[in-house]
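Here is a brief report on one protein chain. Please keep the sequence and the model side by side while reading.

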Amino acid sequence: MKKSTTMPIGIDDFKKVREEYYYVDKTNFIKMLIDGHSQVTLITRPRRFGKTLSLSMLKYFFSLDGAEENRKLFENTEIARAGEKYMSFQGTKPVIFITLKDIKQTDFASMLENFGTLMGNVYHTFRFLLEGSVLYPEEKEYFQSILCRRASNVDLQFSLKNLTSYLRRYYQKPVLVLLDEYDAPIQAAWDYKYYDDAIVFMRNYLSLVLKSNTDLDFAVVTGVLRIAKESIFSSLNNLKVSSVVGGGLPDVVGFTNVEIKKITTDLGCPEKFGEIKT
């Protein structure tokens, strides 16, 4: 990867950042996940902390899709320097990467409609599953209902869970789920006063895929808020939460003092460190 001093303001695609912009190496997060992880890791940080970029990094590292090409993105990074023990995990998993950041409607019916569009787009990415005999006829019918945006409320609640099942069967490997800004629909529902309906939908949507799902390898979930566990994660026993102030993983999202010092040095303005820190 070429070295650049152009900062990736608002860029959250790991490939684009590595190829065109200045990159602060956060690939040690991959090593930490390989060394040991909970079934579900929830990372909460304020907006503009790089949460989406972190999940994008995980997608490019672990995904079976484009594995050979993606390997180049990790040249001269911490995970590459950690050795083949860790790089052997690169390109080995089916990955589902979903962001809920745009699910911010003013009423519950619109939220469901937007969810239908989102999941239709996600299913379109995996429409190769319709080929051959991996799916049963009734599963192909269900798959088409998601694709064509005619799924019911209940169908949408099961849509992410069912997709992990289909991918597990196709690849014969459990699935990595990366879910970005899980709390955006919940926050919008609170603001526009349809929280009760939304929380039931979101609790089922998340619990079905994250709890007791034998098709799930593990999941990393990000958000701005820590929604009360009793509201949405009450049934998840194996949940690790990392916030700004606790829970481990303090440096996997956001910049440390050491990293900011390196940034200011690399960009030729070390005298700015104190101002930035303040």
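Which residue with positive phi follows α8? The residue is R149, and its phi is near 60°. The model is predicted, and all values below are computed from it.

**Overall build**

The protein chain holds 14 helices and five strands. Its C-alpha trace spans about 60 × 45 × 30 Å along the principal axes. Buried residues account for 49% of the 278 residues. Contacts between residues at least 6 apart in sequence were also sorted by separation: 75% of them join residues at least 24 apart.

**Helix α8 and its surroundings**

Helix α8 covers residues 137–147. Its buried residues are E139, Y142, F143, S145, I146 and L147. What do these buried residues pack against? Their partners are α7 (108–125) and α9. In an α-helix there are 3.6 residues a turn, so residues three or four places apart point the same way. Beyond the helix comes R149, with its positive phi near 60°.

**The pairing of α9 and α11**

Helix α9 takes in residues 153–171, and helix α11 residues 195–210. The two axes come within 8 Å and cross at roughly 20°. Angles under 35 degrees count as roughly parallel, so α9 is roughly parallel to α11. The crossing of the two helices is right-handed.

Which residues of α9 and α11 meet? On the α9 side they are N153, L156, Q157, F158, S159, L160, K161 and T164. On the α11 side they are F201, N204, Y205, L208 and V209. Sorted by class, this contact has seven nonpolar, five polar and one charged residues.

Helix α10 spans residues 184–191. A184, P185, I186, A188 and A189 are its buried residues. K193 follows α10 and has a positive phi. This lysine sits in the loop between α10 and α11.

**Positive phi in loops**

N76 is another residue other than glycine with a positive phi. Its loop runs between α4 (67–71) and α5 (78–81). Are N76 and K193 buried or exposed? N76 counts as exposed because its relative accessibility is 64%, over the 50% cut-off. K193 counts as exposed because its relative accessibility is 74%, over that 50% cut-off. The table sets out both residues.

| Residue | Phi | Relative accessibility |
|---|---|---|
| N76 | near 60° | 64% |
| K193 | near 65° | 74% |

S54 belongs to helix α3, residues 51–62. Is S54 buried or exposed? S54 is buried, because its relative accessible area of 8% falls under the 20% cut-off. Which residues does S54 contact, leaving aside its neighbours within four places in sequence? The contacts are V252 and V253.

Notes
Residues numbered from 1 in each chain as written. Predicted model: local features only at pLDDT ≥ 70, side-chain atom pairs only at ≥ 80, totals over all residues. Heavy atoms only, no water. Axes fitted to C-alpha atoms, helices over the stretch in contact; angles between N-to-C directions. Helix = DSSP H or I, 4+ residues; strand = E, 2+ residues; numbered from the N terminus. Parallel < 35°, antiparallel > 145°, perpendicular 65-115°, else oblique. Left-handed = near helix turned anticlockwise from the far one by under 90°. Contact = heavy atoms within 4.5 Å. Nonpolar A, V, L, I, M, F, W, Y, C, P; charged D, E, K, R; others polar. Buried < 20%, exposed > 50% of the residue type's maximum accessible area, 1.4 Å probe, protein only.
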